[in-house]
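Open your viewer and get ready to select residues by number. We will visit two places, one after the other.

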Amino acid sequence: MNKKTIHRLLIGISMLILPFTISIKTSAETSKTEIWSYSLDERIEHRSIKVGDSNPNFGIMMTPTGLAKKNVVWSTGNSAIASVNGNSDTATVHGLKEGSTSLNLSVTTDVGTVLNDTSVISVYTPINNVSGQVRTKATFYRGADSASWVRSENVPSGQKVTVIGSCGNYYYLELPDTYTFDDNRASRYTYAAKSQIYIPVTQISLNASNIDIAVGKNSTVGNVITPNIATDKTVAWTSNQTAFASVDSKGTVTGKKEGYAVITAKTNSANKTAVCKVSIYKPRSKVNAKIKENTSLLLGADANEKKRSDVATAGQKLSITGSAGNYYFVELPKEYRFGDNGSSRMAYVLKSKVYIPVESIKLNKQNITMGDTATQKLTATVLPDIATDKTVIWSVNKNNIVSVDSNGLVKGINSGKAVINAKTISDGKVATCNINVVKNLNPAYLENFKLSLVKTNFEHNVLRYTRCDGATEYTLYEGEKRIDGTMKWDDVYETYGSYENGDTVWSFSETGKTYYYKVVANKVYARDAFDFVTLATKTSNIVKVVCGKPVLSVRPSGKTKAKLSWKKMIGDSHKKISYVIYRKTKKQKAYKKIKTVSKKSAASYMEKKLKRGTVYMYRIKAFYINKKKKKVYSPYSNVVSIKTKK
């Protein structure tokens with residue numbers, strides 16, 4: 001076959017296959033796949049799914065429709081936000097956590113072509129229709145992503161919206177029917193950045209409407225802002241009676257003195273307010289009492305407070321546990337039923353409506369030996385101290401031996417024995433004092449004397465009292481404060497004799513615990529070997545000690561030095577005591593450890609290279625190492641300060 005014939009044959013074949021080639025190329029260029037809604041018969045550009053919900057309505061549309069699918073792959077852009085299960089026809093998307101991601105579809109056709117499509121998935125947490133408005137110009141999106149399709153741009157400030165969900169940094173919104181979106185779609189739902197939406201406070205509520213606080217104590221009043229997604233949840237706290245109760249920026253109320261106050265919480269947004277009424281009481285040991293005349297029991301220490309009972313009848317028993325100005329803080333017995341049916345047994349009642357009987361009367365002396373020309377003062381203590389009528393009537397059984405006036409002043413007349421009676425008008429409680437009058441007995445006088453702290457160590461305190469002229473015996477008492485502020489005293493040391501220069505006493509104590517001490521000096525008269533009579537008593541000052549608290553002092557040394565000194569401490573089961581020194585300036589908020597002094601004989605430290613014209617504050621803490629190789633620390637010492645010269 002010649003060349004010309006071959007050439008004509010090739011041209012003929014080309015003309016036959018050219019239409020088929022063009023058809024294949026055209027089909028590849030126009031074919032596509034789309035994520036499709038079979039029910040709506042439209043492409044799915046975006047879907048919103050609740051956290052924890054699933055949407056099974058994702059399908060596939062192939063163009064041309066007869067295009068065969070060889071392989072189908074479904075995936076999500078962020079599997080932590082949403083996951084997908086699918087096949088060659090449908091897919092189900094599961095919302096996992098708030099956020100925006102993509103739903104991806106990849107289809108390989110039977111001719112090897114790979115077709116792709118993507119939709120936006122917004123996973124949101126539902127919110128129960130919270131009203132808000134556009135803060136500044138906003139952009140509305142179809143999905144919770146700025147790369148999503150825009151529904152409206154430059155939405156003006158003040159446009160009202162309803163928040164129906166939270167999706168990461170975006171709110172899911174519903175717009176009113178009167179609003180027209182730029183895309184002219186009928187859907188009322190859209191997304192906007194949270195920073196562009198202002199949500200006002202609609203309500204503030206407190207976790208308590210009434211509270212009771214003891215003087216010196218505090219309680220925090222919590223608040224709840226509605227809605228919880230309000231843009232500005234700042235709250236300002238105020239007290240209408242700062243002399244009675246103060247409140248800080250966190251809602252912590254501190255009782256300052258007996259009385260009543262109203263604490264107000266006000267929101268910065270929308271000026272919503274809520275109040276808590278506070279009764280501040282001074283606690284005391286329980287005292288039995290009863291209602292004197294019909295009266296109301298109140299929820300707080302104020303006449304305008306809610307009534308727990310409209311009428312508590314005369315004779316009703318109760319226990320007084322505290323005082324709050326003109327009111328008592330009281331506890332009612334279990335069998336009493338309040339008008340409000342509350343379970344609390346506590347209430348407030350006007351002091352003037354309560355009768356408090358006398359429980360006992362006690363004299364400062366039970367036995368007195370005195371001269372026939374001497375005088376003695378008897379003092380009656382009526383308990384409880386808040387008894388309604390504490391009037392005392394004084395009398396003597398033998399007025400030819402002694403006399404007693406209405407103030408308890410006893411005067412000797414003749415030798416002999418008599419009994420002084422002190423009787424309360426209220427409830428007829430009686431206390432007695434036995435008087436022995438001795439002719440020509442010298443009056444007993446005791447001079448003032450003083451108790452002081454020598455030093456405090458680990459596990460014991462060292463005290464010293466000066467001589468009390470005329471005393472024949474001394475007793476050291478150790479005290480602790482009761483809840484009502486009174487003292488309970490226990491004798492811990494006794495000694496006899498007049499001691500030329502007083503005496504030093506060691507009291508074994510617990511490190512870090514606060515103790516009170518006093519010494520009582522007595523002059524005792526011995527009538528015989530078995531009959532001792534106290535003629536006079538004198539009590540020293542009271543000394544307060546924190547056991548193991550080092551005593552620190554400081555003095556300048558030149559212009560840039562300070563010498564710290566302290567009393568060396570010891571312990572019963574340890575010999576080596578070390579001292580940690582801390583320092584700060586007025587500008588510094590916290591103390592900084594600057595030195596640990598461990599030398600056994602050391603009781604001072606020289607601080608060098610200080611800045612001129614600066615105020616320095618110091619404190620120290622002592623420690624020893626116990627048998628378990630652990631450090632046991634004392635309390636911090638007192639704080640001392642010094643200002644270096646310029």
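**Stop one: the largest pocket**

The largest pocket holds about 890 Å³ of space. A pocket here is an open set of points on a 1 Å grid over the protein atoms alone, where a 1.4 Å probe fits, with protein on both sides within 12 Å along at least five of seven lines. Its volume is the space filled by probe spheres set on the points, which are joined across faces, edges and corners.

This is a predicted model, where local features need pLDDT of at least 70 and side-chain atom pairs count only at pLDDT 80 or more, while totals for chains, interfaces and linings use all residues. Residues are numbered from 1 along each chain as its sequence is written, and side-chain values use heavy atoms, leaving out hydrogens and water.

Select Lys 362, Leu 363, Asn 364, Lys 365 and Lys 518: of the 22 lining residues, these lie nearest the centre of the largest pocket. Lining residues have an atom within 4 Å of a point.

Now colour the strands (DSSP runs of E, at least two residues, numbered from the N terminus). Which strand gives the most to this lining? It is β46, with 5 residues. β46 spans 531-539, and β45 (514-528) is among the others that supply at least two residues each.

**Stop two: the second largest pocket**

Move on to the second largest pocket, with about 440 Å³ of space. Select His 46, Arg 47, Arg 142, Arg 185 and Ser 187, the closest to its centre among 14 lining residues. Then show β3 (46-50), which brings the largest share of this lining, 3 residues.

Key
Helices (H or I, at least four residues) and strands (E, at least two) are DSSP runs, numbered from the N terminus.
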